[in-house]
Amino acid sequence: MSGIAPFPSFLVERYRIWREENFTPHQADYETLASGQNPDVMVISCCDSRVYVADILKARPGEFFVHRNIANLVPPFKLTDDYHGTSAAVEFGVRALEVKHLLVLGHAACGGVQNCHAQCSGEAVAADDYQFVKQWLNLMRPAFDGLDKAQNREAQVQAMAQQSIVNSLDNLLTFPFVATAQMSGALTLHGAYHDIGRGILSVYNPQTKHFEEL
Ligand SMILES: [Zn+2]
């Protein structure tokens, strides 16, 4: 039995171009990378295909430890027998790799945020049909509560996306090893929001508690 298909030819073609244009001219750099990773930055971003983390922040291989999930959410610290992919990534990044910066990167036009906003507004949404997405997006619900409901939907969705980033940063601090590293000054936490259509990155200012465009 095998449900596994042969590797797609268009990906074979792309790989060969990468090997010729990227690997061969820089083979020594790649051989050095093979000896181990030592990234200073961990990024938690959305799975969305438009969030091209390494491109936006000009990262080279080996520089960023990246974890992606639906809507760049971090759950609170919780030890159970379930499978905690995000928590495991945070644990490895902070404890084993000892990253110096941990960035939660949200983005505009996030389907996860739009679905959760609609759910919280009492509308039937696509996520209702999904077994895992719906439960996962429940993590974002607290970001809906403080919204200015007089604002139009677009403004509310952006505010919800940004508040969710702040909530994820707060949740990170419920992990004892994150709190310890942050208290000692070994680790700093950051939030940012990328609007791909405008090419704008907004970063969270902990003093003003607002996202400010760079
Ligand atoms: Zn997204």
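# A first look at the fold

User: What share of the contacts with a separation of 6 or more comes from residues 24 or more positions apart?

Analyst: In this predicted model, residues 24 or more positions apart account for 63% of the contacts in the protein with a separation of 6 or more.

User: How many helices and strands are there?

Analyst: Nine helices and six strands.

User: And what box do the C-alpha atoms fill?

Analyst: Roughly 55 × 45 × 40 Å, taken along the principal axes.

User: What percentage of the residues is buried?

Analyst: Of the 214 residues in the protein, 29% are buried.

User: Okay, the sheet. What is the strand order?

Analyst: The order is β2-β1-β3-β4-β5-β6. The sheet is open, has six strands and shows mixed pairing.

User: Which strands are at the edges?

Analyst: β2 (64–69) and β6 (210–213). Each of these pairs on one side only.

User: How much are neighbouring strands turned against each other?

Analyst: By 25° on average, direction ignored.

User: Take β4 and β5. Parallel or antiparallel?

Analyst: Antiparallel, over four bridges. Strand β4 covers residues 188–195, and strand β5 covers residues 200–205. Tyr 193 has Ser 202 in β5 as its bridge partner.

User: What holds strands together in general?

Analyst: Strands of a sheet pair through backbone hydrogen bonds, either parallel or antiparallel.

User: New topic, the core. How many residues are in the largest nonpolar core?

Analyst: It has 41 residues. Ala 71, Val 113 and Met 140 touch the most other members.

User: Which elements give two or more residues to this core?

Analyst: The strands are β1 (41–46), β2, β3 (101–107) and β4. The helices are α4 (85–96), α5, α8 (153–172) and α9 (176–184). The largest share, six residues, comes from α8.

User: What is Met 140 in contact with?

Analyst: Leaving aside neighbours within four places in sequence, Met 140 contacts Ala 71, Leu 73, Val 113, Cys 116 and Ser 164. Ala 71 and Val 113 are also among the core residues that touch the most other members.

User: How do α5 and α8 pack?

Analyst: Their axes are 10 Å apart, at an angle of about 110°. The two helices are therefore roughly perpendicular to each other, because angles of 65 to 115 degrees count that way.

User: Which residues meet there?

Analyst: From α5, Val 113, Gln 114 and His 117. From α8, Gln 156, Val 157, Met 160, Ala 161 and Ser 164. The residues of this contact divide into four nonpolar, four polar and no charged.

User: Back to Gln 119. Why does this residue count as buried?

Analyst: Because Gln 119 has 20 C-beta neighbours inside 10 Å, and a residue is buried if 20 or more lie within that distance. Gln 119 is in helix α5, residues 111–120.

User: How far is Gln 119 from His 194?

Analyst: They are 23 Å apart in space, C-alpha to C-alpha. In sequence they are 75 residues apart.

User: What comes after α5?

Analyst: Gly 122 follows α5 and has a positive phi, near 85°. Ser 121 lies in the loop between α5 and α6. With 13 C-beta neighbours inside 10 Å, Ser 121 is partly exposed.

User: How far apart are Ser 121 and Lys 149?

Analyst: They are 10.0 Å apart, C-alpha to C-alpha, and 28 residues apart in sequence.

User: Last one. What is phi for Lys 58 and where does the residue lie?

Analyst: Phi of Lys 58 is near 50°, a positive value in a residue other than glycine. Lys 58 lies in the loop between α3 (53–56) and β2. Lys 58 is exposed, with 7 other C-beta atoms within 10 Å.

User: What about Glu 98?

Analyst: Glu 98 has a positive phi too, about 55°, although it is not a glycine. Glu 98 is in the loop between α4 and β3. With 13 other C-beta atoms within 10 Å, Glu 98 is partly exposed.

Note on methods. Residues are numbered from 1 along each chain as its sequence is written. This is a predicted model: local features need pLDDT of at least 70, side-chain atom pairs count only at pLDDT 80 or more; totals for chains, interfaces and linings use all residues. Two strands pair if DSSP finds at least two bridges between them. Axes are lines fitted to C-alpha atoms, for helices over the stretch in contact, and angles run from 0 to 180 degrees between N-to-C directions. A residue is buried if 20 or more other C-beta atoms lie within 10 Å of its own, exposed if 12 or fewer, and partly exposed in between; C-beta atoms are placed from the backbone. A nonpolar core is a set of buried Ala, Val, Leu, Ile, Met, Phe, Trp, Tyr and Cys residues joined through C-beta atoms within 7 Å. Two residues are in contact if their C-beta atoms, placed from the backbone, lie within 7 Å. Angles under 35 degrees count as roughly parallel, over 145 as roughly antiparallel, 65 to 115 as roughly perpendicular and the rest as oblique. Ala, Val, Leu, Ile, Met, Phe, Trp, Tyr, Cys and Pro count as nonpolar, Asp, Glu, Lys and Arg as charged, and the others, Gly among them, as polar.
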